[in-house]
Amino acid sequence: MPASAAGLCEFIDASPSPFHVCATVAARLVEVGYAELAEADRWPERPGRYFTVRAGSLVAWNSDGADGPFRIVGAHTDSPNLRVKQHPDRLVAGWRMVALEPYGGAWLNSWLDRDLGISGRLSVRDAQSAHGVSHRLVRIDNPILRVPQLAIHLAEDRKSVTLDPQRHVNAVWGVAERPGSFVDYVAERAGVAPADVLAADLMTHDLTPSTVMGPDTGLLSAPRLDNQASCYAGMEALTAAEPRGFLPVLVLFDHEEVGSSSDHGAQSDLLGTVLERIVLAAGGTREDFLRRLPASTLASADMAHAIHPNYPERHEPGHPIGANAGPVLKVHPNLRYATDGRTAAAFELACRQAGVGLQRYEHRADLPCGSTIGPLASARTGIPTVDVGAAQLAMHSARELMGAHDVAAYSAALQAFLFPDPAQA
């Protein structure tokens, strides 16, 4: 199905955690004929449509009729949020509290006074599993948590309150005593015996549904646009066409928001290992694999800053970025983005092939610039990389805003990048 604003809303609402992003993408891939492969198994020699999942990360590829260099779209599954501490139970002034801590660069004030649910993963004792442990996705969409704002009458400065991430972002979940801990409660809601829970990776999510808004339905308001909009656009791009020479790959990494240093982040061996195994399974050699890399190209797809109408002075004046004005090419001379002339040209051709406009972003030289998986994945694999995105406001807020029409244009550009016209590639 073609990418759409309504489709992105459904995707985000189905995917409150990185683990759920992988489950949502996996379900879509299976629906269109992809088969899941376990990393510990021998992979089939025959070409086909496959994917593999490592915790909160996923790699998918289509090798049907494709034996050339790789064309890769990379994104990340994680978003800044508030995560549950390992021993979360607190009793403060008669209130039952759940201790939380910020993950990534969460914009803390945006999480106050919101109805919050819980999602993530429980690791459960399982005698039937080879390792004695299985992992259970958990999702509670009831409003069970809330981080309350301080009343203005109690603030030292009635204009603002400075939030301490240790003391001021813990959530209320009741006043009455009840047996068991918060993790026990989550386990019971997941249908798991609390005594069988060995570990928990739990996080909060805003319960307000994603929506297309505005008098002309030209805007899209949702949580986790950074970077689930790219995950969705990449997924729809991969599944929309058939290879013609280049071998298309979608890689979705976890842990970008905290530096990507994990066994399944962009600094891990995940992408390189999968790409090499694709070549080896088809009868190629390591020499064949190494020869493919410099001829391949990776598009690091992450959201971009639209010019903020209330703070236009915070943006580079020569590079205004607008909503519903097409994908964004991101350039940074000090390599916070991986784009260079070679890879910028490849994405420019993709946008022309897709028939969509292209905007070019540069950060103000007097402000620190964020980064992406692009420089990390490029350095790890040696694959030339371009950083791209779609324009949005309120990045890292609990709720973000983008142009509704940019969803289809963004995905169309990524599709053209994965499946370039041989006359242009």
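Predicted model: local features only at pLDDT ≥ 70, side-chain atom pairs only at ≥ 80, totals over all residues.

Reader: Let me begin with the helices. How is the packing of two helices described?

Author: Two packed helices are described by the angle between their axes and by the distance between those axes. In this model, helix 2, which covers residues 18-31, packs with helix 4, which covers residues 225-238, at an angle of about 15° and with the axes 11 Å apart. Angles under 35 degrees count as roughly parallel, and helix 2 and helix 4 are therefore roughly parallel to each other. Helix 2 passes helix 4 in a right-handed crossing. On the side of helix 2 the contact is made by Val21, Val25, Arg28 and Leu29, and on the side of helix 4 by Gln228, Cys231, Met235, Glu236 and Leu238.

Reader: How many nonpolar, polar and charged residues does the contact of helix 2 with helix 4 have?

Author: Sorted by class, this contact of helix 2 with helix 4 has six nonpolar residues, one polar residue and two charged residues.

Reader: At what angle do the axes of helix 1 and helix 4 cross?

Author: Helix 1, made of residues 5-13, crosses helix 4 at roughly 120°, and the axes come within 10 Å. The crossing of helix 1 and helix 4 is right-handed. Helix 1 contributes Gly7, Leu8, Phe11 and Ile12 to the contact, while helix 4 contributes Leu225, Gln228, Ala229, Cys231, Tyr232 and Met235. By class, the contact of helix 1 with helix 4 has eight nonpolar and two polar residues, and no charged ones.

Reader: Where do nonpolar side chains tend to be in soluble globular proteins?

Author: In soluble globular proteins, nonpolar side chains tend to be buried together. The largest nonpolar core of this model has 52 residues, and those with the most contacts inside this core are Leu8, Leu220, Phe347, Met402 and Leu414. Phenylalanine 347, if residues up to four places away in sequence are not counted, touches Pro327, Leu358, Val386, Val388, Ala413, Leu414 and Phe417. There is also a second, separate core of 31 residues, which includes Leu100, Leu116, Ile140 and Ile144.

Reader: Now a residue in a neighbouring topic, asparagine 81. Which residues is asparagine 81 in contact with?

Author: Asparagine 81 is found in strand 5, residues 81-92, and is buried, with a relative accessible area of 5%. Apart from neighbours within four places in sequence, asparagine 81 is in contact with Glu101, Pro102, Tyr103, Ala106, Trp111, Met203 and Thr204. For one of these, methionine 203, the chain separation is 122 residues, and the C-alpha atoms of asparagine 81 and methionine 203 are separated by 7.2 Å.

Reader: I would also like to read the backbone. What is phi of alanine 93 near?

Author: Phi of alanine 93 is near 55°, a positive value in a residue other than glycine. Alanine 93 lies in the loop between strand 5 and strand 6, and at 77% relative accessibility this residue counts as exposed. Serine 260 has a phi near 70°, again a positive value in a residue other than glycine. Serine 260 is found in the loop between strand 13 and helix 5, but serine 260 is buried, with a relative accessible area of 1%.

Reader: Which residues does serine 268 touch?

Author: Serine 268 is found in the loop between strand 13 and helix 5 and is buried at 7% relative accessible area. Not counting residues up to four places away in sequence, serine 268 touches Arg54, Ser260, Ser262, Asp263 and Arg380.

Reader: Which residues does a cis peptide bond join?

Author: A cis peptide bond joins aspartate 226 and asparagine 227, with omega about 15°. Asparagine 227 lies in helix 4.

Conventions: Residues numbered from 1 in each chain as written. Heavy atoms only, no water. Axes fitted to C-alpha atoms, helices over the stretch in contact; angles between N-to-C directions. Helix = DSSP H or I, 4+ residues; strand = E, 2+ residues; numbered from the N terminus. Parallel < 35°, antiparallel > 145°, perpendicular 65-115°, else oblique. Left-handed = near helix turned anticlockwise from the far one by under 90°. Contact = heavy atoms within 4.5 Å. Nonpolar A, V, L, I, M, F, W, Y, C, P; charged D, E, K, R; others polar. Core = buried A, V, L, I, M, F, W, Y, C linked by side-chain atoms within 4.5 Å. Buried < 20%, exposed > 50% of the residue type's maximum accessible area, 1.4 Å probe, protein only.
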